[in-house]
Amino acid sequence: MNKKYAIPLILFLALTIAFFVQLQRNSNGDDPKALESALVGKPVPAATLQDLFENKTHDQGIFQQGKPILLNVWATWCPTCYAEHQYLNQLHSQGVTIIGVDYKDKTDKAIKWLKDLGNPYQLVIKDEKGAFGLDLGVYGAPETFIIDGKGIIHYRYAGDVNEKVWQSTLQPIYQKLMEQK
């Protein structure tokens, strides 16, 4: 074999094997939207959290409600957040507790958004500079965390929450935590 073809051939074979291994991993049930998180199994990070609507602050105690919650990171500038918002309203009407984090956004725009589209959140935290999102390890909006009644993070999901995602991925975890409370 000509030496000038050996290196590209070896690189091609290595990339093909790596691609095949990744496909196998995803076909075995791994969810590519489920982000690894150093926080899974740990409490929500301690922070002073500013309420979107009122001039008051909260601490991580808001995540210790004795029942599971969804922590949904969203923003008005995020088209995917707009797409998931109607389904979050449906979940809220079914009794699912959701706390929102308005991520890197303007307060007036966020309040108008919730007034116009409905507010599925029990509480909304404003994170204008993204500091709390950084503590959570957020890559961007939307991201949703499932937190148990003691404030421990059990799951992290990147992307929009819709009926398919809820039923196949999030609801089983949420339901299991509801049964444990």
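Predicted model: local features only at pLDDT ≥ 70, side-chain atom pairs only at ≥ 80, totals over all residues.
Local features need pLDDT of at least 70 and side-chain atom pairs count only at pLDDT 80 or more, while totals for chains, interfaces and linings use all residues. Residues are numbered from 1 along each chain as its sequence is written, and side-chain values use heavy atoms, with hydrogens and water left out. Helices (H or I, at least four residues) and strands (E, at least two) are DSSP runs, numbered from the N terminus.

- Seven strands form an open sheet with mixed pairing, in the order 2-1-5-4-3-6-7; two strands pair if DSSP finds at least two bridges between them.
- Strand 2 and strand 7 stand at the edges with a single partner strand each, so one side of each is left without a neighbour in the sheet.
- Strands of a sheet pair through backbone hydrogen bonds, either parallel or antiparallel.

- Strand 6 (residues 143–147) is mostly covered, since five of its five residues are buried; buried means under 20% relative accessible area, exposed over 50%, and partly exposed in between (1.4 Å probe, protein chains only).
- From strand 6, E143, F145 and I147 point one way, T144 and I146 point the other way, and all are buried.
- Strand 3 (residues 69–74) runs antiparallel to strand 6, and five bridges join the two.
- Across these two strands, I147 stands opposite I69, and E143 is the bridge partner of V73.
- Strand 7 (residues 153–158) is also antiparallel to strand 6 and is joined to it by five bridges.
- On this side, T144 has Y157 as its bridge partner, and A158 stands opposite E143.
- Strand 6 and strand 7 form a hairpin with five residues between them, and G151 in the turn has a positive phi of about 90°.
- Strand 7 is largely enclosed by the rest of the structure, because five of its six residues are buried.

**Helix 5**

- Helix 5 (residues 163–180) has 18 residues and should span 26 Å at 1.5 Å a residue, which agrees with the 24 Å between its end C-alpha atoms; the expected span is 1.5 Å times one less than the number of residues.
- At the start of helix 5, a side-chain oxygen of N162 comes to within 3.1 Å of the backbone nitrogen of K164.
- Helix 5 bends by about 55° at L170, and a proline, P172, follows within four residues; the bend at a residue is the angle between axes fitted to the seven residues ending there and the seven starting there.
- The buried residues of helix 5 are V165, W166, T169, L170, Y174 and L177.
- Strand 3, helix 2 (79–93), strand 6 and strand 7 are among the elements that cover these buried residues, where contact means heavy atoms within 4.5 Å.

**Aromatic pairs**

- Rings of Phe, Tyr and Trp (its six-membered ring) pair if their centres lie within 6.5 Å; planes under 30 degrees apart count as stacked, over 60 as edge-to-face and the rest as tilted.
- By this rule the count comes to five aromatic pairs.
- The rings of F63 and F132 are stacked, because their centres are 6.3 Å apart and their planes are at 10°.
- This pair links distant parts of the chain, 69 residues apart: F63 is in the loop between strand 2 (57–58) and strand 3, and F132 is in helix 4 (residues 131–136).
- F63 counts as buried at 0% relative accessibility, and F132 is buried with a relative accessible area of 4%.
- W74 and Y121 also form a stacked pair, at 5.7 Å centre to centre and 10° between the planes.
- These two residues are 47 residues apart, with W74 in strand 3 and Y121 in the loop between helix 3 and strand 5 (123–127).
- Both W74 and Y121 are buried, and ring pairs link W74, Y82, W113 and Y121 into a cluster.

- D108 lies in helix 3 (residues 107–117) and is exposed, with a relative accessible area of 57%.
- The C-alpha atoms of D108 and F53 are separated by 9.7 Å, although these residues are 55 residues apart along the chain.

Notes:
Polar contact = N/O pair within 3.5 Å; in protein donor to acceptor, adjacent residues only side chain to side chain.
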